[in-house]
Amino acid sequence: MTNSQMEKYSAGFGLSLIVTILLNPIVLLCKELNANVMSALKSALGHHWTTHGVILIVVFFVLGFVFSGMKLGTKLDSEKLMKYIIWAVIISGIIIAGFFLPNLKAASAIKY
Amino acid sequence: MLNQGFMMSHVLFGILGILFAVALFVDVVNASEKNSGRIKKLSLAVCVLIVLAYLIGGYWYVVYYGGDRDIIKAGKWPWAHNYFMEVKEHVFFLLLILSLYLPIAAHRIGSLTDKKNRNLILAISALIILIGLFMDGAGGIISRGVTIGLGR
């Protein structure tokens, strides 16, 4: 393994991390904008947030093992992976924070 | 009392996770053969602490938070729940998944004397620290929302 190639598990789970980070706001938007999805998540494990979390954890590990078997280390290096992870976190964070931004309107009405 | 115990444990494990991530960051900046074992142990500790914070905080959120939520929403800071709790509970998943990946990367990536490998671990640690600090701040606002909702 040269320095420009990644070990299979760090590459596979790294790519899985990116997919899971981007899946998080997608699940959020689906459940918040679709009452059927929300009720399905609630009925699956008793609370939509619990089901949401379990989906992400399962996807992370399943895709991690799948990607690890695909020899992605030859196509990825640590530098590329780092950039993709940072961008995925920024995009996911902006979507989550932006989606709930209208809820902040009430902040202007603070009275002490 | 049990309610408060769960909440304090959630905060305690979360803060310890952030502090261990800071220690890991510093160790990785100075990575060498000497501290490679400690780096691996620290990455595992961060993962375990954040997972504990997630499990305990998640249990508290599902079982106990409903009462606090009603108090916040009826008070003068409804956005403490409507914005900060909603964002916090979903951004937490980013922290959780990053923490799950951290020990995998630290154990398998190879030599941390290689700059690219070192930067990847540094970036993940930094993201965990930054998101963790946001969790702390949002938690403080939510807690204040309850106090204000109770008229104290």
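Hi everyone, let's start with helix H4 of chain B, residues 79-108: at 1.5 Å a residue its 30 residues should span 44 Å, and the end C-alpha atoms are 43 Å apart, which agrees. The expected span here is 1.5 Å times one less than the number of residues. Helices are DSSP runs of H or I with at least four residues, strands are runs of E with at least two, and both are numbered from the N terminus.

Before going on, this is a predicted model: local features need pLDDT of at least 70, side-chain atom pairs count only at pLDDT 80 or more, and totals for chains, interfaces and linings use all residues. Residues are numbered from 1 along each chain as its sequence is written, with chains lettered from A and ligands numbered from 1 in the order in which they are written.

Back to our helix. Because 26 of the 30 residues of H4(B) are buried, H4(B) is largely enclosed by the rest of the structure. Buried means that 20 or more other C-beta atoms, placed from the backbone, lie within 10 Å of the residue's own. Just after H4(B) comes Gly110(B), with a positive phi of about 105 degrees.

What about the whole chain? Chain B has 5 helices and 0 strands, and its C-alpha trace spans about 55 × 25 × 20 Å along the principal axes. Buried residues make up 47% of its 152 residues.

Finally, the partner. The contact takes 31 residues from chain B and 37 residues from chain A, where contact means C-beta atoms, placed from the backbone, within 7 Å. On the chain B side, H4(B) gives the most, with 16 residues.

Terms used:
Buried ≥ 20, exposed ≤ 12 C-beta atoms within 10 Å, placed from the backbone. Contact = placed C-beta atoms within 7 Å.
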